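Here is a set of exercises to work through with the model open beside you. Try each task on your own before you read its solution.

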2 protein chains.
Amino acid sequence: MAIRYPNGKKYVPATEKKASSKKQVKKDLTFSNRGKTLEDMIDEANAYYLTVKEAVIHKKPVPIQIVNVEYPSRSAAVIREAYFRTPSTTDYNGVYKGHYIDFDAKETKNKTSFPLKNVHLHQVTHMRAATAQGGICFLLIRFSILNRSFVLPFSILNAAWAEMEKGGRKSIPFDVFEQDAIEIKESYSPQLDYLKAVTVLLPL
Amino acid sequence: MAIRYPNGKKYVPATEKKASSKKQVKKDLTFSNRGKTLEDMIDEANAYYLTVKEAVIHKKPVPIQIVNVEYPSRSAAVIREAYFRTPSTTDYNGVYKGHYIDFDAKETKNKTSFPLKNVHLHQVTHMRAATAQGGICFLLIRFSILNRSFVLPFSILNAAWAEMEKGGRKSIPFDVFEQDAIEIKESYSPQLDYLKAVTVLLPL
């Protein structure tokens, strides 16, 4: 059984992460993936932006409810009982060129549309509120089989979500991405230079 | 032995929090404290700002390194081994009137100055980077015995930190707060309406 965070993401223990990345490398030796997960690519981009002073964007830690902690003498405290909590925001936020940036990252194996079941109500609610305050909100969506990544402005997601709530379609067609989203061109360093695409969303 | 997070804060297990708040109520029945911790007051203010659509500001979860998770059938996953990690940012951020807001909260029992040992280098480094991107950064400092709270602009902290690194004084005198910080007037709902003080820091 795959273990998932409350936000639906698969849980991978830190000790297994390296091993599983290696496995992926064997399967996929194309230029643009190299076994990196979408999260790895975003981490790499954020570290790059911080170093070159282009932006300060961090992934938020997973919220945990701690119940019991042990304190072995002379060593670090060990959490012995804790539970995953449902987050109330998106995973990433920060500041770029004076703007508040807020987004979540999603990966899909679908080739013709992005299923909205990948998005959670609390994420939509949060991005609505942050947009109303003048924040720049979006989804960073990777179509893994197509090897293409997009910045989808929150306005498009919001409209699709409202449609779905009225009984409309439960996914965003790939056509919409080609027309209304901003494609992230893969480069070398960082591989996923997503802020170049986000620049299009900034007010003039 | 008091248990502390890597950022120096005392660790209080969630199950003990209620009990310890009750204890504090007994000790302190003045109008403005009522046994609430500074964190409680900020949580209350942030919930209020979200409800009245004035700002979207959240506390970041404590970063944890998860090593082992158990999955009892039919119940939630239980984290059985995890460790506290050192955060790389401040505790609070969000968006207010189109501005990126970033701060940490500090409480001191000192009455004549704020000791800089309450601040950590990674917090200063982070606020330097966020300020350079146009973010509004500050410390929310509560002098608990004096029952007075201030928004200290990052520029003042940054100058004092640089002085200390050159061998200068290791604290910020209370005079500096009265002159250069913005006092938070306590009110009813929310009790600690800190954004009113932050407004002074926003660019015109």
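## Exercise 1: A serine in a strand

B:Ser149 is found in strand 8 of chain B, which spans residues 148-153. Keep in mind throughout that this is a predicted model.

**Task.** Decide whether B:Ser149 is buried or exposed, and find which side chain makes a polar contact with its side chain.

**Solution.** 
- Step 1: start with accessibility. The cut-off for buried is under 20% relative accessible area.
- Step 2: apply the cut-off. B:Ser149 counts as buried because its relative accessibility is 1%.
- Step 3: look for the polar partner. The side chain of B:Arg142 makes a polar contact with the side chain of B:Ser149, at 2.8 Å.
- Step 4: widen the view. Leaving aside neighbours within four places in sequence, B:Ser149 is in contact with B:Arg142 and also with B:Ile141, B:Ile182, B:Glu183, B:Ile184, B:Glu186 and B:Leu192.

## Exercise 2: A strand and its partners

**Task.** Work out how many residues of strand 7 of chain B are buried, and in which sense this strand pairs with strand 5 and with strand 8.

**Solution.** 
- Step 1: count the buried residues. Strand 7 of chain B covers residues 136-143, and eight of the eight are buried, so the strand is largely enclosed by the rest of the structure.
- Step 2: sort them by face. One side carries B:Ile136, B:Phe138, B:Leu140 and B:Arg142, while the other carries B:Cys137, B:Leu139, B:Ile141 and B:Phe143; both faces are covered.
- Step 3: follow the pairing with strand 5 of chain B (residues 99-108). Eight bridges join it to strand 7 of chain B, and the two run parallel. As an example, B:Thr108 has B:Phe143 as its bridge partner in strand 7 of chain B.
- Step 4: turn to strand 8 of chain B. Its pairing with strand 7 of chain B is antiparallel, over six bridges. Here B:Leu139 stands opposite B:Leu152.
- Step 5: inspect the turn. The hairpin of strands 7 and 8 of chain B has four residues between the strands, and B:Asn147 takes a positive phi near 60°.

## Exercise 3: Strand 8 in chain A

**Task.** Now move to chain A and trace which strands are joined to strand 8 by bridges.

**Solution.** 
- Step 1: get an overview. Chain A has six helices and 10 strands, and 46% of its 204 residues count as buried.
- Step 2: check how covered the strand is. In strand 8 of chain A (residues 148-153), five of the six residues are buried.
- Step 3: identify one partner. Strand 7 of chain A (residues 136-143) runs antiparallel to strand 8 of chain A, with six bridges between them. A:Arg142 is paired with A:Ser149 there.
- Step 4: look at the connection. These two strands of chain A form a hairpin with four residues between them, and A:Asn147 in the turn has a positive phi of about 60°.
- Step 5: identify another partner. Three bridges join strand 8 of chain A to strand 10 of chain A (residues 182-184), again antiparallel. A:Ser149 stands opposite A:Ile184 in strand 10 of chain A.

## Exercise 4: Where the chains meet

**Task.** Describe the contact between chain B and chain A: how many residues take part, what area is buried, and which strand of chain B gives the largest share of its side?

**Solution.** 
- Step 1: count residues. Chain B gives 45 residues to the contact and chain A gives 45.
- Step 2: take the area. About 3,600 Å² is buried between the chains, and carbon and sulfur atoms give 65% of this.
- Step 3: tally the polar links. There are 12 residue pairs in polar contact between chain B and chain A (both at pLDDT 80 or more), and zero salt bridges.
- Step 4: find the main contributor. Strand 3 of chain B gives seven residues, the largest share of the side of chain B that touches chain A.
- Step 5: classify the residues on that side of chain B. They divide into 27 nonpolar, 12 polar and six charged.
- Step 6: A:Ala82 has B:Ile79 as its bridge partner.

Key
Residues numbered from 1 in each chain as written. Chains lettered and ligands numbered in written order. Predicted model: local features only at pLDDT ≥ 70, side-chain atom pairs only at ≥ 80, totals over all residues. Heavy atoms only, no water. Contact = heavy atoms within 4.5 Å. Buried area = accessible area lost by both parts, 1.4 Å probe. Salt bridge = Lys/Arg side-chain N within 4 Å of Asp/Glu carboxyl O. Polar contact = N/O pair within 3.5 Å; in protein donor to acceptor, adjacent residues only side chain to side chain. Nonpolar A, V, L, I, M, F, W, Y, C, P; charged D, E, K, R; others polar. Pairing = 2+ DSSP bridges. Buried < 20%, exposed > 50% of the residue type's maximum accessible area, 1.4 Å probe, protein only.
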